Amino acid sequence: MTQPTHGDAASAVADALQTYPLVHAPPTLRPNAMRRITQLARPRFSLTWFDYALGLFGSGMAATPWFVWHLITPQMLFRLQVEFYIIAQHLNPSFLLPMWLGG
């Protein structure tokens, strides 16, 4: 007995598909399939711990300038201005330009 070749097997399957009678699908097949498809297609909303951490970090970063602005006293602001002027007098302005652009 010889082994059937790939062409013989393919032709046998094609012949069987063409000659076998079609069977009608049960009437509940389509509604059940559509119900499962719509259930799978509907995304479920959920938040993970990373979503909460990212939201907390973002809101904290947005609120930081406001807190810093309200925590600086007039004495601290004056001291910062004096320190900046002292640094600006001792440094070459061409040296500060890359720092301002890089900052």
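Analyst: The answers below set each value against its definition.

The model is predicted, so local features need pLDDT of at least 70 and side-chain atom pairs count only at pLDDT 80 or more, while totals for chains, interfaces and linings use all residues. Residues are numbered from 1 along each chain as its sequence is written, and side-chain values use heavy atoms, without hydrogens and water.

User: How do you know what span is expected for helix H3?

Analyst: The expected span is 1.5 Å times one less than the number of residues. Helix H3 (residues 49-71) has 23 residues, for which 33 Å is expected; its first and last C-alpha atoms are 31 Å apart, close to that value. H3 also bends by about 35° at Ala-63, and Pro-65 follows within four residues. The bend is the angle between axes fitted to the seven residues ending at a position and the seven starting there.

User: Why is Leu-101 called exposed?

Analyst: Buried means under 20% relative accessible area, exposed over 50%, and partly exposed in between (1.4 Å probe, protein chains only). Leu-101 has 69% relative accessibility and therefore counts as exposed. Of the 103 residues of the protein, 1% count as buried.

User: What makes the nonpolar patch a patch, and which residues form it?

Analyst: A patch takes residues with over 30% relative accessible area and no salt bridge; nonpolar side chains (Val, Leu, Ile, Met, Phe, Trp, Tyr) are joined within 5 Å, and like charges within 9 Å. Here Phe-84, Tyr-85, Leu-97, Trp-100 and Leu-101 form the nonpolar patch, with about 610 Å² of accessible area together. Helix H4 (74-90) and helix H5 (93-102) each give two or more residues to the patch; H5 gives the most, with three. The areas come from the Shrake-Rupley method with a 1.4 Å probe; for residues, only the protein chains shown count as cover.

User: Why is the contact of Glu-83 and Arg-79 called a salt bridge?

Analyst: The term requires a side-chain nitrogen of Lys or Arg within 4 Å of a carboxyl oxygen of Asp or Glu. Glu-83 and Arg-79 meet at 2.9 Å, N to O, and so form a salt bridge. By this rule the count comes to one salt bridge. Both residues lie in helix H4, four residues apart, about one turn of the helix. Arg-79 is exposed because its relative accessible area is 53%, whereas Glu-83, at 30%, is partly exposed.

User: Why is the pair of Trp-49 and Phe-50 called edge-to-face?

Analyst: Rings of Phe, Tyr and Trp (its six-membered ring) pair if their centres lie within 6.5 Å; planes under 30 degrees apart count as stacked, over 60 as edge-to-face and the rest as tilted. The search of the whole structure finds three aromatic pairs. In one of them, the ring centres of Trp-49 and Phe-50 are 5.9 Å apart and the planes stand at 85°, so the pair is edge-to-face. Trp-66 and Phe-67 also form an edge-to-face pair, with 5.1 Å between centres and 75° between the planes.
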